Amino acid sequence: MIIWDVIAAFAGSFLTLSVLSMLWKDNPCFKFGQQGIIGIVIANSVLVNMKSLLDTGIRPLVAGRITLIVPLVFGVLLYTRLSKEYAWLSKYPTSMMVGVGTGVMIMGTLRGQVIDQVKKTILDVFTATDAMGTFNGILILIGTVSSIAFWIFTKEHTGGLGIVSKIGRVYLMISLGANWAGEHVWYLTQVLARLAFVYDNLIMKVLLGQG
Amino acid sequence: MYEEEKKDDIWEKLGNFDVRWMFLGCIVLIFVPMIWPLGLPTIVSQPTKDYYNALVDLPPGSILAVSFGGGFGALDEREAQFIATFKTIFSTDLKMVIYCQVSEGPAVLEYIIGEGTGLADPLKYGKVYGEDYVRLGYAPLGEVGETAITTNIRSMFSTDYYGTPLDNIPMMENINGADDIDLLWADYGACTTIEWYIRQWVVPEQMPLIITTLGCCAPMAAPYYPGQLIGFLSGSGMGTELEITSGNPGPGARTSDIKNLAILPFLLYLLLGNISSFGKKYMR
């Protein structure tokens, strides 16, 4: 084992345990770990973004791609927001970004997220090759229609609409439950993997000399 | 008097179960399989099989584009996916172009596929940089940047990550947009990002798409599968499935083992909370 592995094991374990120490209470170790991590992430982000600006903007411009002056000037104008007097200038690049972003997005939204999804929801019921597939298709069709009905607010949720929207609410709750469960398992993975790091690298390798 | 009785009954006690016992149980159950591995079985799901087949069924020499969004913050959740996927790719004759849409992407890639140091070291598979794979580095792309890549990669990246002009890289000679790409692997950590790829790659370019993402993003990806999405991996669990399917054992198996046990105190806590809630409502 080389000295860098030992340093990495100690530093990594210390940072892990210092962040987890928040479970006990706020303390200087937690603050050090938290602020250290934020500092490293920001430093990396600034450096990588500067490199990106150099590689994709400034170097090609110097090499002769004159048109790149336009996005670069627009980019600089965004910083005028820092001045009260010239903040209005930042509205031009902001408007351009909103306009281009919306235009680019709309193109695929209708086809990819509305038409194709609706088509598939309906067709799945009739094109399924087995009973289970048909059953799934029907469940999804009911879920889609009832969940949309839940968001109809121009009519009071009574009678038929009331029943359908209640079914929709159940579907939405199941969907949120699945989402939350996924998130919970993600956090659990993070915790166990960090503890595994401490166990493998600090306890087993460095302190016990195994592995 | 009645209120005091309510405070002491079993339903109230179940609902006020001290949460610290749950955390303690969780930590104990994390360490048990860490010390004594259990080797619990893992069932491989259809999205994982389809994801794997999408990679290995491509003809030799096909071009795979990778829109990489891996960061260190969620690496533990996705390490198994990355390692198993890159090992699978390096085991085939695919050509790979990788670009990053998050600033930590290049550093994560160095950790996973760095030459000589990576967990899925391309040198071990005989892969040559510039001939078998190219790293374009990071650009703050967003959805608009993805569109630019589909039409003209060189408009976003005139050089690779190491500063070599793309025109001087042999593999990039005939690659400049979606028309030259056979499969897109999109990796992201923000659940709605899948919509970028559907809108910019799948709809206009008819691009076959596979994705890797966090466990919590599966409900956002599932509506597109099967159909617009060929296969997907969400979370470390499906990363483990890919390890099994591809025959590349890695960190996922152990993580899944531990998760299977460590989740039990949380399930018990949920169960007790629900029993308490129903008890208070119907049994009093």
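Helix 6 of chain A passes helix 12 of chain B in a right-handed crossing. This is a predicted model. The two helices pack at an angle of about 115°, and their axes are 10 Å apart. Helix 12 of chain B covers residues 251-262. From helix 6 of chain A, the contact draws on Val185(A), Leu188(A), Thr189(A), Leu192(A) and Ala193(A). They meet Thr255(B), Ile258(B), Lys259(B) and Ala262(B) in helix 12 of chain B. By class, the contact of these two helices holds six nonpolar residues, two polar and one charged.

**The interface between the chains**

The contact takes 38 residues from chain A and 42 residues from chain B. On the side of chain A that touches chain B, the elements giving two or more residues are helix 2 (28-62), helix 4 (91-127) and helix 6 (159-207). Helix 6 of chain A gives the most to that side, with 17 residues. Sorted by class, the side of chain A that touches chain B has 15 nonpolar, 17 polar and six charged residues.

Asn44(A) lies in helix 2 of chain A. Which residues does Asn44(A) touch, leaving out those up to four places away in sequence? They are Ser103(B), Glu104(B) and Ala107(B). Is Asn44(A) buried or partly exposed? Asn44(A) has 16 C-beta neighbours inside 10 Å, so it counts as partly exposed. The count for burial is 20 or more. Within its own chain, Asn44(A) stands 30 residues from Phe74(A) in sequence. The C-alpha atoms of Asn44(A) and Phe74(A) are separated by 24 Å.

**Chain A**

Chain A has six helices and zero strands. From the N terminus on, its elements run α-α-α-α-α-α. The radius of gyration of chain A is 27 Å. For 211 residues the globule rule gives 17 Å, and the value for chain A is well over that, so the chain is more spread out than a compact globule. The C-alpha trace of chain A spans about 70 × 60 × 40 Å along its principal axes.

Of the 211 residues of chain A, 11% count as buried. Take the contacts in chain A between residues at least 6 apart in sequence: 24% of them join residues at least 24 apart.

**Chain B**

Chain B comes to 13 helices and six strands. Its C-alpha atoms fill a box of roughly 85 × 40 × 30 Å, taken along the principal axes. Of the 284 residues of chain B, 44% count as buried. Among contacts in chain B between residues at least 6 apart in sequence, 73% join residues at least 24 apart.

Two helix pairs inside chain B follow.

Helix 5 (residues 75-90) and helix 11 (residues 235-246) of chain B have axes that come within 7 Å and cross at roughly 25°. Angles under 35 degrees count as roughly parallel. Helix 5 of chain B and helix 11 of chain B are therefore roughly parallel to each other. Their crossing is left-handed. Helix 5 of chain B brings Glu77(B), Arg78(B), Ala80(B), Gln81(B), Ala84(B), Thr85(B), Lys87(B) and Thr88(B) to the contact. Helix 11 of chain B brings Gly235(B), Ser236(B), Met238(B), Gly239(B), Thr240(B), Leu242(B), Glu243(B) and Ser246(B). The residues of this contact divide into four nonpolar, eight polar and four charged.

Helix 7 (residues 142-151) and helix 9 (residues 194-205) of chain B pack at an angle of about 25°, with axes 9 Å apart. Helix 7 of chain B and helix 9 of chain B are therefore roughly parallel to each other. Their crossing is right-handed. Helix 7 of chain B makes the contact through Glu143(B), Glu146(B), Thr147(B) and Thr150(B). Helix 9 of chain B uses Trp196(B), Arg199(B), Gln200(B), Trp201(B) and Glu205(B). By class, the contact of helix 7 of chain B with helix 9 of chain B has two nonpolar, three polar and four charged residues.

**Helix pairs side by side**

| Helix pair | Angle | Axis distance |
|---|---|---|
| Helix 6 of chain A and helix 12 of chain B | about 115° | 10 Å apart |
| Helix 5 of chain B and helix 11 of chain B | roughly 25° | within 7 Å |
| Helix 7 of chain B and helix 9 of chain B | about 25° | 9 Å apart |

Technical notes:
Residues numbered from 1 in each chain as written. Chains lettered and ligands numbered in written order. Predicted model: local features only at pLDDT ≥ 70, side-chain atom pairs only at ≥ 80, totals over all residues. Axes fitted to C-alpha atoms, helices over the stretch in contact; angles between N-to-C directions. Helix = DSSP H or I, 4+ residues; strand = E, 2+ residues; numbered from the N terminus. Parallel < 35°, antiparallel > 145°, perpendicular 65-115°, else oblique. Left-handed = near helix turned anticlockwise from the far one by under 90°. Contact = placed C-beta atoms within 7 Å. Nonpolar A, V, L, I, M, F, W, Y, C, P; charged D, E, K, R; others polar. Rg over C-alpha atoms; globule rule 2.2 N^0.38 Å. Buried ≥ 20, exposed ≤ 12 C-beta atoms within 10 Å, placed from the backbone.
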